[in-house]
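Biologist: I have the model open on my screen and would like a close look at a single part of it. Please pick one stretch of strands and walk me through it, explaining your terms as you go.

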Amino acid sequence: RRLALDIELFSKLTLRQWEEGIDRIRDAFPDRPLIASIAGGGEPYEWQDVVQRLQPHGVDAFEMNVSCPSFAGEKGEKLGQNAEALRLAVSWVREATRLPLIVKLTPNVTNINFFARIAMEAGADGFTISNSLLGLGGIDLDTFAPLPAVDGRGIFGGYGGPGLKPVSLRCVASVAKALPLPIIGCGGISNWRDAAEYLAAGASITAICTAVMWNGIEIIKDMTRGLERYLQEKGF
């Protein structure tokens, strides 16, 4: 049984290391769009300094990860679950850049349209839908530690992969119907049919992660060929 549950939070690489990595990517793929995923805390400079440092490196857009722990959430909320915190963070990044600003929404809310509208009104140009679901991978019945565990310790994690698809697909369809901004659809895309379903639900483009981690980057070629064939057959 394959279970995609992530308990990591942020990269341990420094911002300087990411600047160097972005330069290498830009040099290797000068004709490809490059979107920088960013996160920050409870002060404007924590977001704006990152934007101002990365922008000169050829970044084409910024994606805000608002599923990180919230600076306003005393009860374990994520940033994307706190309306006022979300509004503030998006407005801070909007002040710092004229580049396209994409907000990656969490599905761990009762009404994703509500939070999408807040992000749009604060300056978002589009959405990524969605981040992972909050999940518990299991319980070790000998140690009673949550799974996955590191040195015997575990926490609730982000449940992604194929199990996320029905939830994320619903979120895409809901936001696409309610708001006019473009959407990057993601969550459980394993083949070209999954990608086509996201487009049919209202996404403009799609993104994949878990499937590449499991199967390697080469699967993108097969997915692209299959999607192109399907679109041509349908006259799209």
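Modeller: Happy to! Let me begin with a term: a residue is buried when its relative accessible area is under 20%, exposed when that area is over 50%, and partly exposed in between, using a 1.4 Å probe and protein chains only. Two ground rules come next. This is a predicted model, in which local features need pLDDT of at least 70 and side-chain atom pairs count only at pLDDT 80 or more, while totals for chains, interfaces and linings use all residues. Residues are numbered from 1 along each chain as its sequence is written, and side-chain values use heavy atoms, with hydrogens and water left out.

Let's start at G185, which counts as buried because its relative accessible area is 0%. G185 belongs to strand β10; strands (E, at least two residues) and helices (H or I, at least four) are DSSP runs, numbered from the N terminus. Setting aside neighbours within four places in sequence, G185 is in contact with I129, V172, Y198, A203, I205, T206 and A207, where contact means heavy atoms within 4.5 Å.

β5 pairs with β10 (residues 183-186) in the parallel sense over 3 bridges; two strands count as paired if DSSP finds at least two bridges between them. Across that pairing, T128 stands opposite I184.

β5 also pairs with strand β4 (residues 101-104), again in the parallel sense and over 3 bridges. Here T128 is the bridge partner of K104. In general, strands of a sheet pair through backbone hydrogen bonds, either parallel or antiparallel. Together with helix α4 (residues 112-122), β4 and β5 make a right-handed β-α-β unit. Right-handed means that, with the strands pointing away from the viewer, the path from the first strand over the helix to the second runs clockwise.

Now follow the chain out of β5. The peptide bond from I129 to S130 is cis, with omega near 0°, and S130 lies in the loop between β5 and β6. β6 takes us to an open sheet of 3 strands, in the order β1-β9-β6, with antiparallel pairing. Its edge strands are β1 (4-6) and β6 (133-135), each pairing on one side only. Neighbouring strands of this sheet are turned by 45° against each other on average, direction ignored; the axes are lines fitted to C-alpha atoms (for helices, over the stretch in contact), and angles run from 0 to 180 degrees between N-to-C directions. β6 pairs with β9 (residues 157-160) in the antiparallel sense over 3 bridges, and L134 stands opposite G158 of β9.

F144 is found in the loop between β7 (138-139) and β8, and has a positive phi of about 65° although F144 is not a glycine. F144 is exposed, as its relative accessible area is 59%. P148 sits in the loop between β8 (146-147) and β9, and a cis peptide bond with omega of about -5° joins L147 and P148.
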